[in-house]
Amino acid sequence: RLARTRPYSNGPPLPPTYEKLYTKYSEVRRVLGAQRLTLSEKILYSHLNNVEESLLTNTNNGRDVRGKANLKLNPDRVNMQDASAQMALLQFMTCNLPSTVIPASIHCDHLIVGEHGAADDLTAGIKTNKEVFDFLESAAKKYGIDFWPPGAGIIHQTVLENYALPGLMMLGTDSHSPNAGGLSTITIGVGGADAVEALVGAPWELKAPKILGVRLTGKLNDWVSPKDIILHLAGLLTVRGGTGYIVEYFGPGVDTLSLTGMSTVTNMGAEIGATTSIFPFTPASSRYLQSTRREQAAKNAELFQNFPGAGSAEDAFFKFKADEGAQYDELIEIDLSELEPHINGPFTPDLSTPLSKFKETVKEENWPEKLSAGLIGSCTNSSYEDMTRVESMLKAAEEAGLKPAADFYITPGSEQIRATLERDGTLETFTQAGGIVLSNACGPCIGQWKRHDGVEKGTLNAILTSYNRNFRGRNDGNPDTMNFLASPEIVTAMAFAGSTTFNPTTDSLTTPDGKEFRFPAPHGLEGPKTPFDIGKKDLEVLSQAPDPNSSVAISPSSERLALLEPFDAFPSSDLTGLRVLVKITGKCTTDTISAAGPWLKYKGHLPNIAANTLNTAVNAETGEVNAAYDLDGSKHTIPELARKWKEADQPWLIVAEHNYGEGSAREHAALQPRYLGARIIVCKSFARIHETNLKKQGLVPLTFAEEKDYDKIDAGDEVATVGLYEMLQEGGQGEVSLKVTKKGTGEQFLVPTKHAVSSDQAGFILAGSALNLLAKGI
Ligand code: F3S
């Protein structure tokens with residue numbers, strides 16, 4: 001074992017967490033030699049299933065891995081939130097495994113509505129979602145998954161406090177999973193189908209990301225917080241600027257940040273589209289591990305970094321930071337001393353305005369000057385540091401006799417944070433100031449906010465949050481709520497002023513006795529003086545060995561949960577007799593294919609959620625939204641006709657334009673058409689992730705070899721494939737055409753197509769889905 005292979009055999013043994021990393025990293029070094037590597041590369045490549053194959057295929061002998069190599073990775077664990085865990089677990093169950101192959105956890109956080117305050121909201125949330133929580137808990141018990149009950153906390157905060165360790169690679173079924181990158185992990189947000197691949201022990205594929213380096217220098221000024229780093233960066237890079245990149249922070253400024261501050265920054269890497277973000281391990285990381293009662297983990301990380309022999313002389317040690325001289329594909333420098341607070345929005349996180357310009361921007365843009373609510377906390381900004389900095393402001397305001405002029409909500413990220421803030425008196429300061437402490441759950445961050453302030457849907461109003469996302473309608477479902485993002489300190493200051501034009505660094509408030517009050521600069525503690533309090537016993541994790549004799553709770557009459565049936569395998573011949581269900585024009589995003597909003601409650605019930613399939617797509621022939629015509633000319637909604645054809649065993653295809661399936665990686669957008677009987681999607685181009693998702697569910701994505709052929713096919717036309725079966729059998733090699741027979745005239749012609757089916761994906765399609773194939777091999 002390891003002790004025999006390492007050159008310094010007298011050294012202390014490595015903890016098990018790092019044994020595997022050490023062995024793999026040694027292989028990476030053997031293949032890549034003394035190439036200078038970024039931290040991201042060290043961790044990512046050390047999780048390769050087959051180091052040599054991944055790093056040498058498609059690359060110039062391992063010299064240009066980024067953007068070229070197709071990485072097959074073995075993550076260390078999977079973390080799932082309750083909304084996305086439902087379909088992930090239902091898919092996992094079709095594999096008939098007795099337990100997950102790698103550790104996993106479920107976090108009940110997305111389904112609790114924020115309304116009156118923590119206690120009432122939690123009781124109501126548990127009642128409304130009981131069958132979903134019962135299902136998740138029973139599945140956790142059967143398969144040996146950690147279960148964090150409703151009220152225990154928001155996934156990313158809980159993961160950071162309990163599971164994140166430097167050097168790990170994790171997947172999370174939520175976009176903000178990179179929160180754990182603050183603690184030097186590679187954590188990537190994925191859909192349920194990807195999570196299941198990892199849960200069954202199959203390698204998870206990723207095109208080797210490029211690395212965007214962000215060099216931090218200087219030190220943040222009084223009113224500036226780590227949140228402002230990412231708010232500023234989002235403004236620079238826009239919501240797509242990080243696509244295909246890992247954002248890696250480095251430089252002397254890193255050492256001035258708290259661990260939770262670094263996590264806020266990596267959390268919001270999702271807002272620039274980055275694959276993930278990461279910080280090096282610093283003394284602050286070590287302090288955080290200690291305060292979250294993981295002293296041994298802190299020692300292990302130190303031990304590992306000083307453990308010699310994994311590489312050649314220069315890179316013999318695996319330090320949780322980039323090698324000296326490592327190259328970045330892009331480089332941005334930020335001088336923290338020059339940074340000022342930023343406010344981003346409304347409606348997009350990349351519309352970034354420095355605080356000093358915000359007042360004039362509000363006036364110029366005619367944005368509401370009245371602030372109707374300030375909301376702080378969430379998975380992004382509920383650290384001890386964030387909360388105690390706000391506490392210092394509240395205490396100063398209290399002394400001056402001031403209360404917030406706008407509604408003021410606080411969402412603790414976890415029970416651990418909440419209990420510690422309660423123990424240390426911070427929560428009392430919040431409630432004395434009139435703040436409403438919501439449950440340790442997502443609540444208003446994900447549209448689960450019932451407002452009682454008279455702001456009705458359709459009323460223009462402004463709110464400020466310290467959350468991470470601000471798409472239209474995101475918080476209260478009101479498309480006219482202008483939602484701005486800022487640090488908790490700026491949100492709090494503006495909540496006291498009740499105004500979006502207030503600048504706490506220059507402006508004063510008037511106290512009840514007529515005096516001028518200026519907020520002193522916020523100050524707080526990086527972490528509690530004594531380790532975090534665990535909190536209420538009944539909110540602790542249920543950590544359990546798999547219990548194969550227990551059953552999973554799904555009522556056959558449930559409207560929210562339904563067991564999945566594996567999809568049919570591909571026939572042993574080309575496809576014939578397909579009909580075009582609908583020809584779509586314009587944008588067709590994953591939201592068009594599977595709408596969110598009220599449909600979210602059916603995420604665990606494929607037949608029910610399928611009733612929204614393509615319900616906002618535009619019919620190219622009639623210009624109507626959600627209209628499809630049967631062969632006899634009768635008009636239906638698209639999902640109605642799809643279901644009718646499914647029941648009549650009439651397989652179908654969709655014809656669409658460019659970038660089909662853009663938007664979030666929602667797996668339901670592939671599952672639903674497949675469930676309803678689609679076999680092929682043919683379009684002018686695909687969004688890459690959705691194209692992969694289609695193949696995972698056994699659908700065949702084809703693009704027109706000649707774009708103009710889009711004009712030749714219409715709804716109701718009959719289609720047969722030519723060469724498809726052979727191409728699949730040949731592992732993705734070969735040409736595929738569509739033989740079209742026009743409805744009405746019977747005219748026939750061939751439409752040449754292109755495809756990007758790899759040999760693995762050909763296997764998925766032949767088996768009926770990736771899971772069918774995986775289940776076969778298990
Ligand atoms: Fe939840 Fe909002 Fe974070 S939905 S996981 S609090 S981004």
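Which residues touch the most other members of the largest nonpolar core?

1. **Core.** They are Leu136, Leu581, Leu653, Val655 and Ile681, in a core of 227 residues. A nonpolar core here is a set of buried Ala, Val, Leu, Ile, Met, Phe, Trp, Tyr and Cys residues joined through C-beta atoms within 7 Å. Buried means 20 or more other C-beta atoms within 10 Å of the residue's own; exposed means 12 or fewer, and partly exposed lies in between, with C-beta atoms placed from the backbone. Beyond four places in sequence, Leu581 is in contact with Ala628, Leu641, Ala642, Trp645, Trp652, Leu653, Ile654 and Ala715. Contact requires C-beta atoms, placed from the backbone, within 7 Å.

2. **Model and confidence.** This is a predicted model: local features need pLDDT of at least 70, side-chain atom pairs count only at pLDDT 80 or more, and totals for chains, interfaces and linings use all residues. Residues are numbered from 1 along each chain as its sequence is written. pLDDT is the predictor's confidence in each residue, from 0 to 100. The protein chain averages 94, and 97% of the residues score at least 70. The model scores ipTM 0.99 and pTM 0.93. Residues 1–10 stay under 50. Where pLDDT is low, the predicted coordinates should not be read in detail.

3. **Domains.** The chain is divided into domain 1 (73–338), domain 2 (342–537) and domain 3 (578–777). These bounds come from an automatic or database domain assignment. In domain 1, 16 residues are in contact with 13 residues of domain 3. On the domain 1 side, α5 (82–93) and α9 (192–199) each give two or more residues. α5 gives the most, with five. Helices (H or I, at least four residues) and strands (E, at least two) are DSSP runs, numbered from the N terminus.

4. **Ligand.** The ligand is surrounded by 14 residues; the closest are Ser378, Cys379, Cys442, Cys445 and Ile446. The criterion is a C-beta atom, placed from the backbone, within 6 Å of the molecule. Domain 1 and domain 2 each supply at least three residues of the shell. The shell has seven nonpolar, five polar and two charged residues. Ala, Val, Leu, Ile, Met, Phe, Trp, Tyr, Cys and Pro count as nonpolar, Asp, Glu, Lys and Arg as charged, and the others, Gly among them, as polar.

5. **Backbone points to check.** Most residues other than glycine have a negative phi, and most peptide bonds are trans. The Gly345 to Pro346 bond is cis, with omega near 0°. Pro346 sits in the loop between β12 (342–344) and β13 (352–354). Arg293 has a positive phi, near 60°. Arg293 is partly exposed, with 14 other C-beta atoms within 10 Å.

Technical notes. Two residues are in contact if their C-beta atoms, placed from the backbone, lie within 7 Å.
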